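Here's a quick tour for anyone meeting this structure for the first time. Have a look at the model, then read on.

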Amino acid sequence: MLAHFVIRLICGMGLMLVVMPRKGVPGAFFRILLLLILGLGALGAVSTTGSVAGPIVLCVLAFGGSILWMLERRFAGTMVLYAIAAVSLVELGFSAWRQLPADRAVVPAWFFAGDFASAMVLGSTMVGMLLGHRYLTVPGMSLEPLQGLNAYVGASGLARLAVSAAMLVMTRQLLTMNTSYLI
C-alpha cells in the first residue's frame with residue numbers, strides 16, 4: 001500500500017516537472033525535487049512487494065538528474081525529467097496491476113485511469129506547493145510557472161472527479177445488474 005502511494009506521488013511529480021514551464025525557475029528547485037524523488041524511490045524500493053527494479057532505476061535517474069541540475073545542465077537535466085516521468089508511468093501501471101482485486105471486478109483500464117488521475121492530483125499539488133515555497137526565498141521569480149501549476153492542480157482535480165464519477169456509475173450499474181438475478 002505504501003509503495004503504491006509512493007509510485008503515484010513520484011509519477012505525478014515527474015509528469016508535472018515535465019509539463020511545467022521551466023523557464024525562469026532556478027535549477028536548484030529541480031535539484032531539490034529530484035532529491036525528494038530519490039528519497040521516495042528508496043522508500044518505494046524497501047516497501048514494495050513486487051520488483052525493486054523500477055524504484056532503483058528511479059533512484060539512479062533522480063540522483064544523476066540532481067547532479068545535472070546542480071551543474072546547471074538544463075537540457076540534460078530536462079532529459080532526465082522525461083526519463084523519470086516515463087519510468088514512473090510504467091511503474092505506476094505495474095503497481096496498479098498488482099493492486100487489482102483478485103476477482104478482477106474492476107476493469108484494469110479504469111483502475112489505471114484512477115491511479116493516473118490520483119498521481120496527477122498528488123504531483124501537481126506537491127510541485128505547486130514546493131514552487132510556492134520557493135517564491136519565499138527567490139521573490140523575483142516569474143509567476144508564470146506557479147500559475148501554470150495551479151491550472152494543472154485544477155485540471156487534475158477535475159480529471160480525478162470525472163474518473164470517480166464514471167466508476168461510481170459503473171459500480172452502481174453492476175450492483176443493479178447483480179441484484180436483479182436475486183429477485
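This is a predicted model: local features need pLDDT of at least 70, side-chain atom pairs count only at pLDDT 80 or more; totals for chains, interfaces and linings use all residues.

Residues are numbered from 1 along each chain as its sequence is written, and side-chain values use heavy atoms, with hydrogens and water left out.

**More on Glu 72**

- Glu 72 sits in the loop between α3 and α4 (helices are DSSP runs of H or I with at least four residues, strands are E runs of at least two, and both are numbered from the N terminus).
- Its phi is near 60 degrees, which is a positive value in a residue other than glycine.
- Glu 72 also has a salt-bridge partner, Arg 74, with the closest N and O atoms 3.8 Å apart (a salt bridge is a side-chain nitrogen of Lys or Arg within 4 Å of a carboxyl oxygen of Asp or Glu).
- Arg 74 counts as partly exposed, at 29% relative accessibility.

**The whole chain**

- Along the principal axes, the C-alpha atoms fill a box of roughly 70 × 35 × 20 Å.
- The chain has 183 residues, and 38% of them count as buried.
- Its accessible surface is about 9700 Å², with 74% of that belonging to carbon and sulfur atoms (areas come from the Shrake-Rupley method with a 1.4 Å probe, and for residues only the protein chains shown count as cover).
- Take the contacts in the chain with a separation of 6 or more: 73% of them are between residues 24 or more positions apart (contact means heavy atoms within 4.5 Å).

- Helix α2 has 21 residues and spans 30 Å from its first C-alpha to its last, close to the 30 Å expected at 1.5 Å a residue (the expected span is 1.5 Å times one less than the number of residues).
- Buried residues of α2 include Phe 29, Phe 30, Leu 33, Leu 34, Ile 37 and Leu 40.
- Seen down the axis of α2, its buried residues fall within an arc of 145 degrees, so they line one face of the helix (the arc is that of the directions from the helix axis to the C-beta atoms).
- The cover over those α2 residues includes α1, α3, α4 and α5.
- Helix α3 covers residues 53–70, which is 18 residues, and reaches 26 Å from first C-alpha to last, close to the expected 26 Å.
- In α3 the buried residues are Gly 54, Pro 55, Leu 58, Cys 59, Ala 62, Gly 65, Ser 66 and Trp 69.
- Down the axis of α3 these buried residues fall within an arc of 140 degrees, so they line one face of the helix.
- α1, α2 and α4 are among what covers them.

- The structure holds two salt bridges, and one of them pairs Arg 8 with Asp 115, with the closest N and O atoms 3.8 Å apart.
- Arg 8 is in helix α1 and Asp 115 is in helix α5 (residues 108–137), so the pair ties together parts that are 107 residues apart in sequence.
- Arg 8 counts as buried at 16% relative accessibility, and Asp 115 counts as buried at 6%.

**Around Ala 96**

- Ala 96 lies in helix α4 and is buried, with a relative accessible area of 3%.
- Leaving out residues up to four places away in sequence, Ala 96 touches His 4, Phe 111, Phe 112 and Asp 115.
- The C-alpha atoms of Ala 96 and Phe 112 are 5.9 Å apart, though the two residues are 16 residues apart along the chain.

**A nonpolar patch on the surface**

- Leu 2, Phe 5, Leu 43 and Val 46 form a nonpolar patch with about 360 Å² of accessible area together (patches are made of residues with over 30% relative accessible area and no salt bridge, with like charges joined within 9 Å and nonpolar side chains, meaning Val, Leu, Ile, Met, Phe, Trp and Tyr, within 5 Å).
- The elements giving two or more residues to the patch are α1 (2–19) and α2 (27–47).
- Phe 5 belongs to helix α1 and counts as partly exposed, at 35% relative accessibility.

Notes. Buried means under 20% relative accessible area, exposed over 50%, partly exposed in between (1.4 Å probe, protein chains only).
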